[in-house]
Amino acid sequence: MKGITAVEKQISSFLEAVVTAFFGLILLLTILLVILRYLFNTSIVGGNELMEFLFIYTTALGAAVSLGKRSHIKVTYFVDQLPPFSRAVVDTFSLLLVLLINVVLLRLSFPWIAKVGDAASPVLRLPSWVAMISVPIGCSLAVLYCAYDIYKIWRFHDSAKGEEA
Amino acid sequence: MSVLLISLLILLVIGVPIAYSLGISSFLYFILIHPELIAILPQRLFAGMNSYTMIALPLFCLMGFLMNEGGITRRLIDFSLLFVGRLRGGLGLVNVLASMIFGGISGSSVSDTASIGAVLIPEMENKGYSPEFASGITVASSTMGMIIPPSVPMVVYALAAEESVGRLFLGSLFPGLMIGILMLVITVGISSFRKFPREEFSLDKKKKIETFNRAILALIMPLFVIGSVVFGIATATESAGIGVLYAFVVGTVIFRTLKIKKIPKLMKDAIMTSANVMIIIALSKLYIWILAIEHVPQQLSMFISQLNMPGVWIIIAVNLVILVSGTFIDVSPAILLLTPVLLPIVQSFGMNPVQFGVLLISGLAVGLVTPPVGMCLNVASAISGLRIGKIFYGAMPFLAANLITLLLISFVPQLTLWLPELLMK
Amino acid sequence: EGQKESESAAAEKTYVFKYSNSQSDSHPRSQSMFFFKDKLEKASNGRIKVELYTGGVLGTEAEVLDQVKIGTIQGCRGGLFERASGMYLIYTLPFMFENIDQVLKVMNSDFGAKVNESAMENGLYIPATGVAGGFRNITNSKRPIRTVEDVRGLKMRTPPIDMTIKTFKAIGANPQQVAYTETYMALKTGVVDGQENPFSNTVDMKFYEPQRYLSVVNWQVHPDPFYVNPDWYKSLPEDLKAVFDSVAEATMDYSNELWLSSEKDYYLVLQEKLEVNEIDSAAREGFVKAVKPVWQGYVDEGLFTWDEINEVLAIANK
Ligand code: NA
Ligand code: NA
């Protein structure tokens, strides 16, 4: 079962690399646009729009990866008071809910993109589905990460029990 | 309607991430009450992620990380020692002063606690300050990090209230500095009562100038960044980008302490932090859409006007709502949820959106250092090994500065509005 | 028997029309929609209930338009006409019209109806189209614009709209994207030299303060289509469809009236604040010549044909 963990690690570091690269591009564009404006009295048409598109992907992918790392912002005070087994049950329940909402979003994103995905962006006039598909991509990844998290909770819980016995 | 509120509370308590709690309780609302509107779900999520202004968020984070990695913390502490070290309780005063300056560089309070705390908490304990006092003063003074501009939460508020980032930055400057000054006064009082030590160090003039010069490059950064936003030279996003460039150049070329190979990791941390906040923004858009379609803000305003209470009590009640919310939920989601509901109310009592923004951020900052959910407490606890309850106990006397300032922001509009009106017409 | 029952059920059924725009309650667009709500609820004997969401509480213009398309709300007004149909861009071609009457003539003609119908392909029903205020005109801090040569080298704040950017490039300006809310400071600090907007916006945002010259070149108007979800419209019984259409048309007429008369007042304000000049027909010819490649570009993209452009010009000059 080590295989799954290794695969998850590779996928996560790949996704993080993508997200970081996109951020790097956003950063470069930001600085470049200011320099072009003041030093060369010109601009990159659609530069801001491109930054927005990239930024959307950093959120959609980054949020999914954070599920794998369990690093989302949440209130842990109450669940921290619970004994390990109850805690595992509550955590599983909340992960199932997160999985559910991502499935719902995934399912609803198809008719949504079909209906409005061809609208052109105002400057680059790219069809908006180019950015919109970040939603189903992010949600699919989120579903996988939730399933993996649940697996991890019970695997480690069982092995911990095994050691006690 | 109660479906939304009750389910959200339950989901938060059982530890569902805040972002998805908002999504799930919205989903419940649609399923139970308005199934015909459910198609809106992915659209609101996407709308929340799609924002040029919010690109400033990871950029401001990265700017703070780069300055920190470039050794800025030590320089600011040395600089502060130069001014207040020889007074009684010198390290306490240094802690507050460094946070004031650091607040002008970083956009967040958590990074302030982490970087200043890591150096000063152990040092203060060595010099005989109680661990509660050392951690308490660190977290309390770090609330200034997100009040003194630049401030990431202020950018989030600007988005929620459609206000100008420049005005908000200017509006929060005096209240932020005021908290610092009040905290310095409180520190002097406690130090003389508890006989805290002075820092003995004598520097010759040359050393003094050197210390000063080492810090000055960091000190002009906030002027640079805030100035470019205020005077319309660059957008908030662009000025954050310039800030990153500045921090990079100072760290690598001038301080020469920033290692290039560390930068990808810092970039990754900044953008992942952003993703975690942005997904909350995205799903809060959905939740807020439901509040709007149900006319909740209007109904609440109407309810309050029917109470026929004097404005003073309403504003105080709003302060309490902010403080209590800040105690339980994190800054960004609190801003996004409270703004559409509270802003129309306070506006009907004559409060300006800039004034309310500063009030909201300053109130929520207190929440970072109050249990049960306080990011700064968690960080300080990780550094000092102290339980968060004890750290809060140590922070309490200093939080008086925050509370006094909150009241002044609420009832003295000039405190927030004078500067933006002077500089931005 | 069964049919009668369903007919009487349809007669009793109430239809909810949720509508949204971004402007505040005092804006002509919102004001005309209060008129719409009042008139439609009365004319339908309460069978259509109108819920208005002004002030952008349901999202930005683009988002709200998408909401109309997916049917979570039923109507909206705002920019973004290109998303309804590329044909709307024909109204916005630079220096296409000389006065607003020409624009209204085209919008109310059979050609105008054809443009509205073309939006059906993109999932929007448009019962009527009005104008979003008066002509857009140029202010700047450098010099009065009397001929196209005077524009050369001006740093112009433009909204992120393809047509605007192309036009200002074509007439030799240097278009810069600055957010609407940041424009005042950008003008004041000289980040940009000028901006283009209808008089109303220029006054509302106090853009005249950091500017010196207003040149009335009347370079463009924006259409204001009334976007409606077609499935909702089709679900109405025939009598209500007719009621809805006539109230929608009356609303857009009322909106034009409100909006254009307010533009006149704003123009008076600006005449006091700025050095104002208008351009003569020879100078206008210079602009028209300079922007012809922009027109050609849109024809090349296949959004409309030269025949259609000429048809519009013919109706306008009738
Ligand atoms: Na700050
Ligand atoms: Na501190």
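**View 1. B:Cys376 and B:Cys61, two cysteines of chain B without a partner.** B:Cys376 counts as buried, with a relative accessibility of 0% (buried is under 20% relative accessible area, exposed over 50%, and partly exposed in between, with a 1.4 Å probe and protein chains only). B:Cys61 is buried as well, at 16% relative accessibility. The model, which is predicted, holds 0 disulfides over all chains (a disulfide being a pair of cysteine sulfur atoms within 2.5 Å). For B:Cys61, the closest cysteine sulfur is that of B:Cys376, and at 13 Å it is too far for a bond.

A word on conventions before we move on. Residues are numbered from 1 along each chain as its sequence is written, while chains are lettered from A and ligands numbered from 1 in the order in which they are written. In this predicted model, local features need pLDDT of at least 70, side-chain atom pairs count only at pLDDT 80 or more, and totals for chains, interfaces and linings use all residues; side-chain values use heavy atoms, with hydrogens and water left out.

**View 2. Where chain A meets chain B.** Here 51 residues from chain A and 52 residues from chain B are in contact (heavy atoms within 4.5 Å). The two chains bury about 4,800 Å² between them, and carbon and sulfur atoms give 81% of that area (buried area is the accessible area, with a 1.4 Å probe, that two parts lose on being put together, summed over both). On the chain A side, A:Phe23, A:Phe55 and A:Ile73 lose the most area to chain B, together 16% of what that side buries.

**View 3. A salt bridge between A:Glu16 and B:Lys268.** The N-to-O distance in this pair is 3.6 Å (a salt bridge is a side-chain nitrogen of Lys or Arg within 4 Å of a carboxyl oxygen of Asp or Glu). The interface of chain A and chain B has 1 salt bridge by this rule. By class, the side of chain A that touches chain B has 33 nonpolar, 14 polar and 4 charged residues (Ala, Val, Leu, Ile, Met, Phe, Trp, Tyr, Cys and Pro count as nonpolar, Asp, Glu, Lys and Arg as charged, and the others, Gly among them, as polar).

**View 4. Chain B against chain C, with C:Glu63 and B:Arg44.** This contact takes 17 residues from chain B and 21 residues from chain C, and about 1,700 Å² is buried, 61% of it on carbon and sulfur atoms. C:Glu63 and B:Arg44 form a salt bridge whose closest N and O atoms are 2.4 Å apart. Helix 3 (40–49) and helix 13 (263–293) of chain B are the elements that give two or more residues to the chain B side (helices are DSSP runs of H or I, at least four residues, and strands are E runs of at least two, numbered from the N terminus). Helix 3 of chain B brings the largest share, 4 residues.
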